[in-house]
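I opened my notebook to look up a few places in this structure. Here is what I wrote down as I went.

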Amino acid sequence: MAGKSFFIDTTRCTACRGCQIACKQWNMNPATKTKQSGSHQNPEDLSFSTFKLVRFSELEVNGKPVWYFFTDQCRHCLEPPCMYTAQSLGVKVITRDEATGAVLYDPKVKVKAADAKTIRESCPWNIPRWDQKTTGMAKCTMCIDRVRGGLLPACVKTCPTGAMNFGDRDKILEMAQKRLNELKAKFPKAQLLNAESVRTIFLVIDDPKNYWEHAAENDVGITPIAVIKKLIRPLANFSHFVG
Amino acid sequence: MAALAESFGRGAMTNHYIDFRNSDVILNMGSNVAENHPVSFKWIQAAKDKGSVFIHVDPRYTRTSTKADIFVRLRSGTDIAFLGGMIKYILDNNLYDEFYVKNYTNASFIVNPKYNFDDGLFSGYDPNKRSYDQSTWALEKDENGIPKRDVTLQNERCALQLLKKHYSRYTLEKVTAITGTPQEDLEKVYKVYGSTGKPDKAGTELYAMGWTQHTVGVQNIRAMSIIQTLLGNMGIAGGGINALRGESNVQGSTDQGLLFHIIPGYLPTPREQWQTLEDYNKTTPSSKDPRSVNWWKNRPKYVASLLKSFYGDKATKENNFGYAWLPKLDKVQDASWLNLFDEMYNGAFTGFFAWGMNPACSGANAGKVRQALAKLDWMVNVNVFDNETGSFWKGPGMDPKKIKTEVFQLPCAAFLEKEGSISNSGRWMQWRWKASNPPGDAMPDGEIMYDLFNKVKALYKKEKGVFPDPIMNMKWDYKTNGKFDIHTVAKEINGYFLEDIPEHPFDKKAYKKGTLVPSFVFLLDDGRTSCGNWIYSASYTEAGNMAARRKKTDPTGLGLYPEWSWAWPVNRRIIYNRASVDLDGNPRNPKMALLKWDAENKKWVGDIPDGTAPPMGTQGVYPFIMKPDGVASIFGPGLKDGPFPEHYEPLECPIEKNIMSNQRINPVIKIFKGGPDTFATCDPRYPFVCTTYRVTEHWQTGVLTRWLPWLLEAEPQMFCEMSKELAEVIGIKNGDKVMVETSRGKLGAVAIVTSRFKPFVIAGQTIHQIGLPYHFGWLHPKDGGDSANLLTPTVGDPNTMIPESKAFMANVKKA
């Protein structure tokens, strides 16, 4: 299953937040009430109604400002720990689209708070969100309805600078590798984040932690979640060959 | 725009957005391109991808700066010092394009011996009038009336030598002391930008309100015009001075005569001293140099055709085409925004239309503007949403019981709810189609105007009036099948033949009455043609609506896309393009061949040439056809504040003495006095330099964007950005509520304490700078804050009266 992938070139991102707004618009997600709290990042975090969020990270290096933008979203893992976790919990909220590889949540399925917490904690990128009111879970849908209709995801369609890219996985991997090679000379720390295991591939030019705590897959150590992940990995690999 | 007109002849962005990709060096100074023109960043990225250098010069580190190869800071209001240093660097290091400077500019022209510059003042200054007698700045002419030149550029009174002398004072040490920019940063920018003086290199400049909103706004842009002229960067692909328009149709609005001093097509507004059409036409620019096209010599044709468009059959040769019916400004009247609101504040008006605007938030010294609105009998507010202007009477500090102003709110259609054209920054007139009907009673602006005028006319018919002729004689026939039809307006703007013309003087061909003119070269001064705006002539012809074209052909490969929409003038995509070729008409940069003379077929190939005459080396003409002398102005004698840009401090500034001279502020600015007009310079109560700006998520005063929940979610409240150093001094933490104050008003905000702001060292002392967005207003959201313009001063550039919203003095403390 080759499927689809995103390539997010953070070196081209100007944090215009067109993607964040386009995502809200296409998914008809309401705005949340926010406050200015000393940062341009708003809303403060992903939520049941915010699937895409431009994270702003401000650093000072040698007395000079560095400002990174990280347009966070679901990575659509090739082997999604959240899906396997949900399966192990018997929660039928997550499926994977065969054609694209999109990891899809059904926000109408009611999930218990504790299960939602476990599912969220199983995500190495801390993506899925649970809504206390509806008890549903939601996150980026890869705009599967658009993609099935031959359109680009809303965030990609709206991006003016070429930071957001989407297409067949082999082409996207090629594009990502090519861009990485271009940048390596100038930025020795340039890297693709978890390109082999996810469908949302970020290119960064610095330690991913400087962008966002969960920019790259976290090595979560021996926790219950890690145990689950370890348990599901062989199964996942097996399913890969079958699929 | 005034600076560009003075320097090159037209007040418009010279190139266009796509053309940024053709640049080798892009200088973004005076705007924040990634945040405020986010889609245009696509083309900057394209330039970067081919290895171009992107420079951002700004008081603060913004989203734009994150993408810059070179980012350099300067204190708000010191751009002329920065650019003056660059002029000196280019001259000292012989980086200028000698061929270009000699042939296509007035560098070799000899200036009047009475011209002088001493201690911040040019010759001819009258301190009582606060103005200059510009006659001492005139260029010398020979016995035939042709400007005197010294092509060796050695004469000490030639423009280039005067330029050298003027800017010899702008040493790196002085520039650093004024701007706060470290010398090594200055040199880095000067060197990289100066590298574009070679014919095969192109440098472009992108600016916006960061340059215009100063008491030296026009001269900021003049300084860059001089640099671009020295480097041969005008009229070439990847070059130019590109005024990034912050509103999708603001270029169109000035083209159509929205400003007080011009009527459509940049014709001067008639004044009291020009009582007849003959008087008016006597002011037509002239040139005795046979090699200067002086295109403005055609002005009488454009005026006559405009009058025919206004008054139709009522405009006859006998009545001077109804010229007497046009309103006239007083002799030297300046009816610009700041003066209008000053007069309104003083009770000079009874009524006011606020159309697609929100002066209660957008006007400098907005507190004064809000008080001025209360002096009216009536106001009509036409907008998509209610705003702080329409509801001013119930705003903060207002007592509705005491306000007599009757407000009429007219809802109008949003852009997707009507058909018509917009003219973008790059002068492209692009047709747009209607996507859906406007809600409720909302109507397109054109329909509102159409009906309104009919009502006014009916009232005049019934009740008569003091001077009914202009109203009763106005041709007003923009209906098709009983409905207002925007196509009839677009055609009127293009112009018609009003009579059969058996043999047109231009091409000896026959043209039929009632057909659309093919372009402005067919307009006549005898009443046989009409044209609503000569620069738009050729936009809607017998061949169809050119603005509606959507073909993606690109024959030059330079991204001109000549069949996508239509660009004024006559679909020329890069103006002054004759300056891109050598004397034989060969492109000076063959890799970016914008224009080439095909000697065999005797025609130009490429973009639409700026004038069809053959190249200069044959029997041709100078390249800057809109200037009477045919060349770009290094020496610019037509502006109110001097032929060369000179550094002056903002009206409100942090230092007692201007480091360049004893003239602290621009000597010719108008000082508004009394009432709400107060100012504070070097006043310990207001110790910090403050500037205003926009963010990507909101637009202008936020009238459209504050009602969009997703945008409000992203930028919900008024903020004040400041450095960590300042925050520590005044005991403020990130996210604290603060009060920002000037001598004119107070404003609550949330502090953003950031390393993106840094203190400056100015003449040895530490100067802090803070910044505010101007998108918010008290009406909505309730916790969003109010307008930053409550703090800004009523003072403007002497040429344009654009207010100084980018540099003033404020205090900030914990709320």
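**A network of charges**

I began with A:Arg12, which is buried at a relative accessible area of 12%. I kept in mind that the model is predicted. Which residue does A:Arg12 meet in a salt bridge? I found A:Asp9, with N to O at 3.1 Å. A:Asp9 is buried too, at 1% relative accessibility.

Next I looked at A:Glu182. Its salt bridge is with A:Arg179, and the closest N and O atoms are 3.0 Å apart. Both residues sit in helix 6 of chain A, residues 169-184. They are three residues apart, about one turn of the helix. I recalled the rule here: an α-helix has 3.6 residues a turn, so residues three or four places apart point the same way. Are the two partners buried or partly exposed? I noted A:Glu182 as partly exposed at 45%. A:Arg179 is buried at 11%.

Then I put the pairs together. Salt bridges with shared partners join A:Asp9, A:Arg12, A:Lys178, A:Arg179, A:Glu182 and B:Asp49 into one network.

**A bridge across the sequence**

I counted salt bridges over all chains and got 55. One of them I looked up by itself: A:Asp168 with A:Lys4, at 2.7 Å from N to O. A:Asp168 lies in strand 8 of chain A (residues 164-168) and A:Lys4 in strand 1 (residues 4-9), so the pair ties together parts that are 164 residues apart in sequence. A:Asp168 is partly exposed at 34%. A:Lys4 is partly exposed as well, at 23%.

**A buried threonine**

I moved on to A:Thr50. Where does A:Thr50 lie? I placed it in the loop of chain A between helix 1 (18-26) and strand 2 (53-61). A:Thr50 counts as buried because its relative accessible area is 1%, and the cut-off for buried is under 20%. Its side chain makes a polar contact of 2.8 Å with the side chain of A:Lys24. I left aside neighbours within four places in sequence and listed the contacts of A:Thr50. They are A:Lys24, A:Asn29, A:Pro43, A:Asp45 and B:Glu713.

**Helix 19 of chain B**

I went to chain B and took helix 19, residues 486-494. Which of its residues are buried? I wrote down B:Thr488, B:Ala490, B:Glu492, B:Ile493 and B:Asn494. These buried residues pack against several elements of chain B, including helix 13 (299-311), strand 16 (428-432) and strand 17 (479-480).

I checked both ends of the helix. B:Asp485 caps the N-terminal end. One of its side-chain oxygens lies 2.9 Å from the backbone nitrogen of B:His487. B:Gly495 follows helix 19, and its phi is positive, near 105°.

**A pocket and a cavity**

I then looked for spaces. The second largest pocket has a volume of about 1,500 Å³. It is lined by 45 residues. Closest to its centre are B:Tyr61, B:Ser65, B:Thr66, B:Ala68 and B:Asp69. Elements of chain A and chain B each give two or more residues to this lining, among them helix 6 of chain A and helix 3 (41-49) of chain B. Which element gives the largest share? I found strand 3 of chain A, with six residues. By class, I sorted the lining into 20 nonpolar, 11 polar and 14 charged residues.

I counted cavities next. There are nine of 30 Å³ or more. The largest cavity has a volume of about 110 Å³. Its lining includes B:Asp97, B:Lys198, B:Pro199, B:Arg588 and B:Met592. I sorted this lining into five nonpolar, three polar and four charged residues.

**A glycine in a loop**

My last stop was B:Gly124. B:Gly124 lies in the loop of chain B between strand 5 (121-122) and strand 6 (125-126). It is partly exposed, at 30% relative accessibility. Which residues does B:Gly124 contact, leaving aside neighbours within four places in sequence? I listed B:Ser131, B:Tyr132, B:Asp133 and B:Thr136. I also looked up how B:Gly124 stands to B:Gly514, 390 residues apart along the chain. Their C-alpha atoms are separated by 53 Å.

How values were computed. Residues are numbered from 1 along each chain as its sequence is written. Chains are lettered from A and ligands numbered from 1 in the order in which they are written. This is a predicted model: local features need pLDDT of at least 70, side-chain atom pairs count only at pLDDT 80 or more; totals for chains, interfaces and linings use all residues. Side-chain values use heavy atoms; hydrogens and water are left out. Helices (H or I, at least four residues) and strands (E, at least two) are DSSP runs, numbered from the N terminus. Buried means under 20% relative accessible area, exposed over 50%, partly exposed in between (1.4 Å probe, protein chains only). A polar contact is a pair of N or O atoms within 3.5 Å; within protein, one must be able to donate a hydrogen and the other to accept it, and residues adjacent in sequence count only if both atoms are side-chain atoms. Contact means heavy atoms within 4.5 Å. A salt bridge is a side-chain nitrogen of Lys or Arg within 4 Å of a carboxyl oxygen of Asp or Glu. On a 1 Å grid over the protein atoms alone, a cavity is a set of points where a 1.4 Å probe fits but cannot get out, and a pocket is an open set with protein on both sides within 12 Å along at least five of seven lines; lining residues have an atom within 4 Å of a point. Grid points are joined across faces, edges and corners, and a volume is the space filled by probe spheres set on the points. Ala, Val, Leu, Ile, Met, Phe, Trp, Tyr, Cys and Pro count as nonpolar, Asp, Glu, Lys and Arg as charged, and the others, Gly among them, as polar.
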